[in-house]
Amino acid sequence: MKPRFILISLTSCTGCISTLMSLDIFPQFLERTRIIYFPFISDAKDIKECEIALVEGCVSEETQIILLRKVRRHAKKVFALGTCACFGGILSLSNSKIAEPLSNYIEVDGIIPGCPPPSKLFGNSVIRLVENKDITLSEKNMCANCPIWEKMEINFQINITKINPNPEEISLNEENSECFLKKGILCLGPITRDGCEHKCIKMGLPCEGCMGPVSKDFTSNVINFLSLIELSQELKDYTGIFYRFSKPKMKR
Ligand code: SF4
Ligand code: SF4
C-alpha cells in the first residue's frame with residue numbers, strides 16, 4: 001500500500017515546499033505516495049489519517065497550534081521540514097512576532113533542517129520516508145568536512161570584526177581560501193550541523209547556522225561559542241547573531 005502523506009505550511013516563505021517540488025525525485029514522490037492533504041497542489045479540504053505529515057514553517061499564531069495538533073492526531077509520524085519548523089527560523093529576528101518550532105507544541109518524530117533543506121539531504125530524506133525508513137542526519141559539525149578545514153589553525157584570540165567578507169574579498173575558489181575565523185570573520189561552522197555540502201562556504205561566504213545545532217539549543221550553542229572568541233563591541237551588540245534562526249525556549 002502506498003504511504004499516505006500530508007504536507008502543510010505554517011508561517012513560512014514556502015521555500016521548503018517549493019524546493020521539494022523542484023527536486024528530481026518529486027515526480028517519483030507523487031507516484032509512490034497517496035497525497036491526503038497538500039494545499040499547494042490539491043483541492044482536498046480535510047485532514048485525514050496518514051502515515052506521514054511534513055510540516056513547513058514556524059508557529060506564530062494561535063490558529064496554527066490548533067491545526068498542528070490536528071495534524072499530530074491524524075499522522076503516525078510528523079516531521080519538521082526546514083529551519084523554521086525545526087528551530088523557529090528567520091522570523092526569530094522579529095521583535096514583534098513569535099516564531100516557535102513545532103516541538104514547542106507537539107511531539108516531532110524527526111527533522112529535515114536547512115533554509116531551505118539542501119537538495120541532496122532533502123531528496124534522500126523524503127525517499128527514506130516513502131520507504132518507511134528513518135532519516136539520518138550528520139552528527140558532525142560543519143568544520144569536520146569543511147573544504148578549507150586544513151587551513152583552519154584554530155586561534156580564538158583573533159578579533160572577529162565582521163559577519164561577512166567585503167564584496168571584493170569574496171573568493172569562489174575554496175582552494176585559495178582560509179578559514180573565516182582566521183580572517184576575523186564570524187563563521188558558525190563549529191556549532192552547526194554538517195549536511196549542506198558547504199554551499200555558502202564554497203561561494204565565499206561564512207556559515208550562518210541555518211542547519212541548526214549539532215546538539216542542544218541553537219542560541220545556547222551560539223552563546224557558548226561566542227564566549228570563546230574575541231568579538232568586536234559592534235558585533236556584541238548585534239542580536240542577529242543570536243536570533244537569526246532560533247530563540248531560546250521560553251518556560252511556560
Ligand atoms: S526554512 Fe527557510 S526556506 Fe523554509 S520556509 Fe523557512 S525561511 Fe523559507
Ligand atoms: S569555522 Fe567555518 S570556514 Fe573555518 S573550518 Fe569551520 S566551517 Fe570552515
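User: What distance separates the centres of domain 1 and domain 2?

Analyst: Taken over C-alpha atoms, the two centres lie 28 Å apart. The domain bounds come from an automatic or database domain assignment. Here domain 1 covers 4–130 and domain 2 covers 142–243. This is a predicted model: local features need pLDDT of at least 70, side-chain atom pairs count only at pLDDT 80 or more, and totals for chains, interfaces and linings use all residues. Residues are numbered from 1 along each chain as its sequence is written, with chains lettered from A and ligands numbered from 1 in the order in which they are written.

User: How many residues of domain 1 are in contact with domain 2?

Analyst: Contact means that C-beta atoms, placed from the backbone, lie within 7 Å. Eleven residues of domain 1 are in contact with eleven of domain 2.

User: Which element gives the largest share of domain 1's side?

Analyst: Helices are DSSP runs (H or I, at least four residues), numbered from the N terminus. α4 gives the largest share, three residues. Two elements give two or more residues: α4 (83–87) and α5 (119–130).

User: Which residues are closest to ligand 2?

Analyst: A residue is near a molecule if its C-beta atom, placed from the backbone, lies within 6 Å of it. 15 residues surround ligand 2, and the closest are C143, C146, C179, C187 and G189.

User: Why is Y238 partly exposed?

Analyst: Buried takes 20 or more other C-beta atoms within 10 Å, exposed 12 or fewer, and partly exposed is in between; C-beta atoms are placed from the backbone. Y238 is partly exposed because 14 other C-beta atoms lie within 10 Å. Y238 sits in the loop between α8 (233–236) and α9 (240–243).

Note on methods: Contact = placed C-beta atoms within 7 Å.
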